[in-house]
Amino acid sequence: MNRVTIGIAAFFGLAFVLYWQAQVKRSEMDAIKIVGVERPDFIADNLRTIEFNKEGLIASKVTAKHMEHYASSDITHFTEPVYLIYPENGKAQWQLSADRGQLNKQTNKVILENNVIIDAIDIEEPLQSLSTQTVTLDLSTMIGSSEEMVYIEGKGFMIQGLGLHADLNAQKLSLLSKVEGTYEPQ
């Protein structure tokens with residue numbers, strides 16, 4: 001064999017060895033999974049959704065700036081969610097908003113965090129606005145709870161207290177401790 005043939009054979013042999021090494025490295029990288037990092041199954045920006053109950057009535061409306069859903073845990077994360085809640089009678093009564101939210105479809109609970117504001121839809125409602133840092137709402141029972149400071153504003157009164165238990169279907173709300181209030185007759 002002459003030098004040109006040996007050179008060409010050496011060149012293709014070297015190219016084959018390098019290609020083979022690259023493929024081995026790639027398959028090793030594919031085999032390594034980063035533990036604890038889960039990617040969302042789907043995402044949405046500027047989300048608008050309506051959920052219906054078994055009777056065909058609207059159960060809730062949700063809007064959010066950003067949403068990520070993880071099918072393996074059945075959890076959905078929201079950025080700047082706004083929930084319109086429709087209790088048993090099927091008429092929207094409360095609007096819940098926060099900086100962040102999480103919906104767990106297995107437990108049917110929503111957790112709202114950071115700058116949580118619950119506003120009454122009806123301007124004739126005695127309780128007009130409630131604010132806190134965290135609220136957990138069970139969508140099956142429409143019972144909300146919080147262990148944070150809660151600030152309530154209504155027609156002619158302001159109340160604050162630590163902890164909250166609210167039954168949105170029964171229209172009952174209880175502050176659990178350290179309750180202080182101011183009443184201003186109109």
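Helices (H or I, at least four residues) and strands (E, at least two) are DSSP runs, numbered from the N terminus. The model described here is predicted: local features need pLDDT of at least 70, side-chain atom pairs count only at pLDDT 80 or more, and totals for chains, interfaces and linings use all residues. Residues are numbered from 1 along each chain as its sequence is written, and side-chain values use heavy atoms, with hydrogens and water left out.

The protein chain contains one helix and 11 strands. Along the sequence these elements follow the pattern α-β-β-β-β-β-β-β-β-β-β-β. Of the 186 residues, 27% count as buried (buried means under 20% relative accessible area, exposed over 50%, and partly exposed in between, with a 1.4 Å probe and protein chains only). The chain exposes about 12600 Å², of which carbon and sulfur atoms supply 56%; such areas come from the Shrake-Rupley method with a 1.4 Å probe, and for residues only the protein chains shown count as cover. Among contacts (heavy atoms within 4.5 Å) between residues at least 6 apart in sequence, 36% join residues at least 24 apart.

The pairing of strands can be followed from strand 1 onward. Two strands pair if DSSP finds at least two bridges between them. Strand 1 (residues 42–52) and strand 2 (residues 58–70) run antiparallel and are joined by 10 bridges; arginine 48 has threonine 63 in strand 2 as its bridge partner. Five residues lie between the strands of this hairpin, and glycine 56 there takes a positive phi near 90°.

Strand 2 also pairs with strand 3 (residues 75–79), in the antiparallel sense and over five bridges. Here glutamate 68 has histidine 77 in strand 3 as its bridge partner. The hairpin of strand 2 and strand 3 has four residues between the strands, and aspartate 74 takes a positive phi near 60° in this hairpin.

Strand 4 (residues 82–85) is joined to strand 2 by four bridges, and the two run antiparallel. Valine 62 stands opposite tyrosine 83, and serine 60 stands opposite isoleucine 85. Four bridges also join strand 4 to strand 5, again in an antiparallel arrangement, with tryptophan 94 in strand 5 as the bridge partner of isoleucine 85. In a regular strand the side chains alternate between the two faces of the sheet. In strand 4, Tyr83 and Ile85 form the covered face, while Val82 and Leu84 form the uncovered one.

Two loop residues deserve attention for their backbone angles. Most residues other than glycine have a negative phi. Glutamate 80, in the loop between strand 3 and strand 4, has a positive phi near 55°, and this residue is partly exposed, with a relative accessible area of 42%. Asparagine 108, in the loop between strand 6 (100–104) and strand 7 (109–120), has a positive phi of about 60°; at 19% relative accessibility, asparagine 108 counts as buried.

The final feature is a pocket. On a 1 Å grid over the protein atoms alone, a pocket is an open set of points where a 1.4 Å probe fits, with protein on both sides within 12 Å along at least five of seven lines; lining residues have an atom within 4 Å of a point. The second largest pocket is lined by 18 residues, of which Trp94, Leu127, Ala166, Leu168 and Leu173 lie nearest its centre. Strand 5 (94–97), strand 8 (127–138), strand 10 (157–167) and strand 11 (172–183) each supply at least two residues of this lining.
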